[in-house]
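Visitor: I am new to this structure. Please show it to me, and then I will ask my questions.

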Amino acid sequence: MDSSGERWVSALRDQAARLAFPEWVPGPDDWTSLYTSFEEGGAPLTEVAVYRGHDRIHFIRYTGNELIAFWTRLVDRIAE
């Protein structure tokens with residue numbers, strides 16, 4: 001992925017983390033993870049996590065209606 005694509009993906013992960021954890025204040029060693037996949041039954045899921053160094057300090061998994069609401073808010077936030 002080129003550097004502009006990498007920056008876009010990084011910004012998407014950061015926005016997802018800020019949306020999922022509004023109380024989180026990014027620190028210098030923090031990094032974010034945004035993972036989307038399918039459960040065994042075929043239902044989609046998204047996981048958002050924040051790590052400080054190697055320690056996971058925040059984690060949430062979205063499925064069902066919560067997943068739809070999360071992505072709707074995230075896309076709306078990015079479009080602003």
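Visitor: Across which strands does α1 lie, and at about what angle does α1 run to β1?

Guide: This is a predicted model, where local features need pLDDT of at least 70, side-chain atom pairs count only at pLDDT 80 or more, and totals for chains, interfaces and linings use all residues. Residues are numbered from 1 along each chain as its sequence is written, and side-chain values use heavy atoms, with hydrogens and water left out. Helices (H or I, at least four residues) and strands (E, at least two) are DSSP runs, numbered from the N terminus; axes are lines fitted to C-alpha atoms, for helices over the stretch in contact, and angles run from 0 to 180 degrees between N-to-C directions. Helix α1 lies across β1, β2 and β3, and its angle to β1 is about 90°.

Visitor: In what order do the three strands of the open sheet stand?

Guide: Two strands pair if DSSP finds at least two bridges between them. Here the pairing is antiparallel. β1 and β3 are at the edges, each with a single partner strand, so one side of each has no neighbour in the sheet. The order is β1-β2-β3.

Visitor: Is Thr 46 buried or exposed?

Guide: Thr 46 belongs to strand β2, residues 44-52. Leaving out residues up to four places away in sequence, Thr 46 touches (heavy atoms within 4.5 Å) residues including Leu 34, Ile 60 and Phe 70. Its relative accessible area is 0%, so Thr 46 is buried.

Visitor: Which side chain makes a polar contact with the side chain of Thr 46?

Guide: A polar contact is a pair of N or O atoms within 3.5 Å; within protein, one must be able to donate a hydrogen and the other to accept it, and residues adjacent in sequence count only if both atoms are side-chain atoms. For Thr 46 the distance is 2.8 Å, and the partner is Trp 71.

Visitor: Which residue of β3 stands opposite Glu 47?

Guide: Glu 47 is in strand β2. β2 and β3 pair in the antiparallel sense over eight bridges. A side-chain polar contact of 2.4 Å also links Glu 47 with the residue opposite, Arg 61.

Methods
Buried < 20%, exposed > 50% of the residue type's maximum accessible area, 1.4 Å probe, protein only.
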